[in-house]
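This briefing is intended for a reader who has the sequence and the coordinates at hand. Please consult both alongside the notes.

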Amino acid sequence: MLSPTTAARIEMISNVVYRQVTSPVGVKPLHMTLFVPGTDSEKRPAIIFFPGGGFMSANKDQFLELRYALARAGFVVASAEYRTIPAKYPAPVEDAKAAVRYLRAHAKEFGIDPDKIGVLGGSAGGYVVKMLGTTNGEKGWDKGDNLNVSSDVQTVTSLFGISDILHISEGLGETKAKVYASRNASAIGHVDGSEPPFLLMHGSADNMVSPTQSAHLFKALKEKKVDAQYVLVKGAMHGNLPWVQQPVIDRVVKFFKEKLGTPSTAPSDKMML
């Protein structure tokens, strides 16, 4: 006979359609997959993960190690795809805000505390979550369903994401990028001091998105007295193995616990042999 443990039992709910958008070839459903821990009736904080992919793809099955660790810690964890090329800006941000609204509108169904929703993203997803956090309260981004609930988020963790499209090549030893964009498309252009807590993590050896992207946003947030942390991961490149190792995972889990509260876990079933 084995003794009962205190780890949460995790249910996976796959391919939930959180939004349908019209495209030139028809209606496109957008999906999320959820990890829902525990079997109790307690409301839990939720975290939505937005994947990277250079805005060419958005595979919601990325970063399984980190998502599972968050679910084991007691968070409801959703992983959401969003529109990519040929869709144009601001489609990814509109989709991400729709994902937040969907979870908030269905909070009771998934055992979520609607007042505690955080976001996490890597690379292009890191850009998306930076935009989510810096545009809290800006209603012009809300399109589609569940408009009766807020798309605001309570905390943000971005891994090696872009902050300033106008200076995307800074720190990479290149000339200024020929990017036709405005500060409206950059998180740094929206910082006004109303942002939720931020954790910005970047690799010191990233040669695709310079760590200056996160450093500049960190400085802008701190100048506005926002609760922000910046972690430079020594030797890490863009999305390579250090990002799925325990030190990074532990730091992310710790941050979400500090800012959203530590969820209690429901005991798993007793095992009898």
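The model is predicted: local features need pLDDT of at least 70, side-chain atom pairs count only at pLDDT 80 or more, and totals for chains, interfaces and linings use all residues. Residues are numbered from 1 along each chain as its sequence is written, and side-chain values use heavy atoms, with hydrogens and water left out.

**Sheet**

- Eight strands form an open sheet with mixed pairing, in the order β1-β2-β4-β3-β5-β6-β7-β8; strands are DSSP runs of E of at least two residues, helices runs of H or I of at least four, numbered from the N terminus, and two strands pair if DSSP finds at least two bridges between them.
- The edges are β1 (10-23) and β8 (228-233), each of which has a single partner strand, so one side of each lacks a neighbour in the sheet.
- From one strand to the next, the twist averages 20°.
- Strands β2 (residues 26-37) and β4 (residues 76-80) run antiparallel and are joined by four bridges, and M32 has A80 in β4 as its bridge partner.

**Helices on the sheet**

- Helix α1 (residues 64-72) packs on the sheet, touching β1, β2, β3 (44-50), β4, β5 (112-122) and β6, and its direction makes about 50° with that of β2; contact means heavy atoms within 4.5 Å.
- Helix α4 (residues 124-134) lies across β3, β5, β6 and β7 (198-203), at about 140° to β5; axes are lines fitted to C-alpha atoms, for helices over the stretch in contact, and angles run from 0 to 180 degrees between N-to-C directions.

**T155**

- T155 belongs to strand β6 (residues 155-159) and is buried, with a relative accessible area of 0%; buried means under 20% (1.4 Å probe, protein chains only).
- Residues touched by T155 include I117, P196, F255 and L260; the C-alpha atoms of T155 and L260 are 7.5 Å apart, although 105 residues separate them in sequence.

**Salt bridges**

- The structure holds six salt bridges, each a side-chain nitrogen of Lys or Arg within 4 Å of a carboxyl oxygen of Asp or Glu.
- D95 pairs with R19 at 2.6 Å between the closest N and O atoms, linking helix α2 (residues 91-105) to strand β1 across 76 residues.
- D95 also forms a salt bridge with R83, at 3.0 Å, and R83 lies in the loop between β4 and α2.
- R19, R83, E94 and D95 are linked in a network of salt bridges.
- R101 and D142 form a salt bridge at 2.9 Å, N to O, and both residues are buried.

How values were computed. Buried means under 20% relative accessible area, exposed over 50%, partly exposed in between (1.4 Å probe, protein chains only). Lists of a residue's contacts leave out its neighbours within four places in sequence.
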